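Here are some notes to go with the model, point by point. Have it open beside you as you read.

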Amino acid sequence: MNFLDQIWLIPLFPLCGAALMLLFGKFLDPQPPSAVAIAPGVEHTHDDHDADHHHHGHTHDHAHEHVTGHDHGHHGGGLKTLVSLLCPGMVLLSFIWSAGAVFQLANSPEHSHQVIQFTWLAGMPFHMADGRLAIFSADWGFLLDPLSSVMILVVTGIGFLIHVYSTGYMAHDNGFYRFFGYLNLFVFFMLMLVLANNYALLFVGWEGVGLCSYLLIGFYFHKKSAGDAGKKAFVVNRVGDAGFILGMLLMFSVLGTVKFVDVNQILRSGHFTAETAGFGTLSAMALLLFIGATGKSAQFPLYVWLPDAMEGPTPVSALIHAATMVTAGVYMVARSSALFQLTPQTSTIVAVVGAFTAILAASIALVQNDIKRVLAYSTVSQLGYMFLALGVGAYWVAVFHLFTHAFFKALLFLGSGSVIHAVGGEQDMRRMGALKDKIPITHWTMFVASLAIAGIPGLAGFFSKDEILWQAYSSKQGSNALYGIGLLTAGLTAFYMWRLMYMTFYGKSRVAPEVEAHIHESPASMTVPLTALAIGSVLVGWLGTPKLWGFTGWFHGFEQWLEPSFASAAVEAAKEGAHDASTEWILMAVSVAFAVIGIFIARFCYHLRPEIPGAIEARCGPVHRTLSNKWYVDELYDFLFVNGFAKGGGTVLGAFDRNVIDGGVNGAGWLTRFSSLVSIWWDTWIVDGTVRLTSLIVKLSSYPVRIVQTGRVQAYALFVVVGALAFFGYYLAR
Amino acid sequence: MMDALFFYFFAALVLGGAIFTVTRRNAVHSAISLIVSLIGVAGLYLLQQAEFLFAVQIVLYVGGIMVLFLFVIMLVNLDQAAKQRQFNRQWWIALVCVAAVGVEIAYFVRKGAGSFHVPQAPPGPVAATAAAGNTEQIATMLFSQYLLPFEIASVLLLVAVVGSVVMAKKRI
Amino acid sequence: MGPVTTTHYVALSAALLLIGTIGVLTRRNIVIVLMSIELILNAVNINLIAFSHSFGDVNGQIFAIFVITDAVAEAAVGLGILIALFRNKETVLADEVDLLKW
């Protein structure tokens, strides 16, 4: 079968799964909806608010099950199994189809295949910036080229592993079907994003993953903090989306089209010159698109939603906030590589923002105590690395780091989920410790992942991170300062990751006593994906070994594979400047040294001499507090935007409502009363007046006639005489 | 000459009586003045050689009507009325109008004074009837030519009788 | 003063008429008013008799008889009305009988 021509099936499978779940899931899910949805395996004594009220009767049963060793995964019966098979199965189908399509793509001559389903936005002619006539249209089309092929494999592959993990992790939760529905929906939107052949359809997926992120972060909707985190993610994302839309419209105006193929063709044709001199239209366009990427990929200043997003279930954090959604920004910038190549100013901004974010997040991660928060800030930091790579022109390196990061970061999140599951919902590392013998699989897989992220040679993270650092140093766009920041961040990364490892798995057990008895390894549905990802973390790095090492063929597979997407040859040629091999070896050694030093400092502080961190904290109180409070960025945003907009807007809108709207209503009321007054006046004086006037006229005119009737006979007699007088007078006058 | 004297005498009676009738406060005085005036009128009738009417005037008018008036004055208690204002409020308008009428009548009389002269031709019928006597003349005319008006007049008197009885009764 | 002609009688009659009219119009006491009416009727009678004598015609006197008859009837009825009025309203003043006022 022709996988390539039917690539529309790839997003369709998870869409079907999502539709089935969300439309019919109510009937499939045996668990009553009235029960509170809480984190799995949570002891009700630990939980604060409503759980206790609702589940008091249930507490006993649950505790019993913990003691007897409940069986995961068979809670709820066959229907739950159906859901567990259906949704991951859909993603597996997508993965298989994607693999097939990529294989066929690799065999096809031009390594790029476009399938257009139908015209989505009908064309409307408009005038471009330079006066030419263009059509405002976008079609529902899919583009499979090397870049999107990498993305679909990552999304569907790691997505599938995470789905399998979730069947075990979410087994105790209510809303099982809802979770999988949302997760499948997310996979659908992410695939739409990466398979789109134009910016507009990409934006559909962009918005869709934002929506699913909100739904999944706020999955435990009974908790206020979860709902708030979901809202925060959505709103901060929206800020970025505004930039994206503006950039897209500017692209329409300047280039007349938003189809990737056409845009790249126009930009690389030489029609536009590189804007090295100043900040021009293309730079503005690139900057706006980058602002969109900033929101989606959690860079400074729009990164604040990602740590809060840890309110969602751990598989969500793994899939969305480590492997896939947050990489959408990286993907989009990589897709626009032709544009960024022409705008060195914006590229510099990208690199600087990436580097700054990397070190900022790493500094905050140093002092976090929630295991998931550390990983969240680590994600932000690693994304900063990717943008640094994009900024200095090393596009394939950024995508490579995205690829390797997906493996070990997903692994770290899933592993932390396993740890949390084992200690009964505890997320604070200060109440963990000495777990390595109790949950060995989790421990060893996380061990591998931590080495990888630290950048130990041989594992995946080393190859990608090292390449980034080398590019930051040596590329035309790079600089020593950027390299320095990257290097320092690498050291910090190693330190905080191994701090996490030592605090969680080694040392003395600081676990609460009632939890200690129940620590157990996760079920197979959870450990198998961990193992698979660990293997990946070890092996995939070898696809992008440095040229220095002299391997050929598959060992440079990644760069070669992505070459058609980026016209990498030109980039490579521009970059291979005046730096020779020895510099590169030295820098490689320095970065490895930084990583190892970081690991050993962590070992010293948290394993050998656990009292040192407390002492440092006491000595550098203000510094520690600043880092611990995340550099007070959230507070600043609260003050500026939330309170400013909310209260100021509230005041303004309140005033508007009172004066204009209520004024209008009151005015209408006043007008009614006034018009009624006019009506009354009219009725009283004009209408009644006319009637009374006629009667008055009659009265006045009748008065002289009336007073003749005196009732006295002699008066009448007088009239007779007067009449006779007149009668005689007439004859007299004649 | 004696004619004129008698005329002026009776005229003075008439007018004097009339003026006193109209101006007296006491109703009985008015009635007596009227009687005087009516007697004067009777005298004038006699001067004009209307003997029957002279008799009728005295008997009917003075002896009947004035007696009736006097009875009514006695029946109706006029003591209170005598203390009241005698002339009503319209007296001066009335005076003016009547004066005007008087002026007009005077003018007419003046203008037409000459036409009262009747040619002396028909003394014949007068002579013929004069021989019959005034009463016979009246009787002849009354019962032949004026029979119907005579009967109607009697009906009228009947009506007047019935009417005045009805008016004056306490209960109908 | 010349011989007494019909004119004198006419003038006398007119004067009596005027006096009677004044009495009718001016006096408040109804009895006096009725008496004034008698004066007017007598004035008319004088006129009739004067002209009857002047023309030598007896028709005038017959007319005067009828006038006297009417005067009698009218005086009787009028006085009856006066008595009825006095019984009801306790007044003989014409001014006070104005029930038919507007």
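**Notes on chains A, B and C**

1. Start with helix α1 of chain C. This is a predicted model, and in it α1(C) is mostly covered, with 15 of its 21 residues buried. From first C-alpha to last, α1(C) reaches 30 Å, close to the 30 Å expected at 1.5 Å a residue.

2. Next, what does α1(C) meet on chain A? Helix α28 of chain A (residues 713-733) and α1(C) (residues 6-26) have axes that come within 8 Å and cross at roughly 145°. On the chain A helix the contact is made by Q714(A), A717(A), L718(A) and V721(A), and on the chain C helix by T21(C), V24(C) and L25(C). Sorted by class, the contact of α28(A) with α1(C) has five nonpolar residues, two polar and no charged ones. As background for the spacing of those positions, an α-helix has 3.6 residues a turn, so residues three or four places apart point the same way.

3. Now the whole contact between chains A and C. Chain C puts in 10 residues and chain A 11 residues. On the chain C side, six are nonpolar, one is polar and three are charged.

4. As for chain C overall, there are three helices and zero strands, in the pattern α-α-α along the sequence. Of its 102 residues, 59% are buried. If you take contacts in chain C between residues at least 6 apart in sequence, 46% join residues at least 24 apart.

5. Chain B is also helical, with eight helices and zero strands. Buried residues account for 26% of the 172 residues in chain B. Among its contacts between residues at least 6 apart in sequence, 53% link residues at least 24 apart.

6. How many residues of chain B are in contact with chain C? The count is 71 residues of chain B against 63 residues of chain C. Elements giving two or more residues to the chain B side include α1 (2-23), α5 (91-112), α7 (134-144) and α8 (147-168) of chain B. The largest share of that side, 11 residues, comes from α3(B). By class, the side of chain B that touches chain C divides into 54 nonpolar, 15 polar and two charged residues.

7. The mean pLDDT of chain B is 87, with 90% of its residues at 70 or more.

8. Last, the cores. The largest nonpolar core has 210 residues, and F186(A), L195(A), L388(A), L390(A), A398(A), V399(A) and A410(A) touch the most other members. Helix α16 (residues 395-422) of chain A supplies the largest share of this core, 19 residues. Apart from this core lies another, of 76 residues, with V14(B), I138(B), Y9(C) and L12(C) among them. Back in chain A, and leaving aside neighbours within four places in sequence, L195(A) is in contact with residues including I7(A), I10(A), P11(A) and F142(A).

Definitions and conventions: Residues numbered from 1 in each chain as written. Chains lettered and ligands numbered in written order. Predicted model: local features only at pLDDT ≥ 70, side-chain atom pairs only at ≥ 80, totals over all residues. Contact = placed C-beta atoms within 7 Å. Nonpolar A, V, L, I, M, F, W, Y, C, P; charged D, E, K, R; others polar. Axes fitted to C-alpha atoms, helices over the stretch in contact; angles between N-to-C directions. Helix = DSSP H or I, 4+ residues; strand = E, 2+ residues; numbered from the N terminus. pLDDT = per-residue confidence, 0-100. Buried ≥ 20, exposed ≤ 12 C-beta atoms within 10 Å, placed from the backbone. Core = buried A, V, L, I, M, F, W, Y, C linked by C-beta atoms within 7 Å. Expected span 1.5 Å × (residues − 1).
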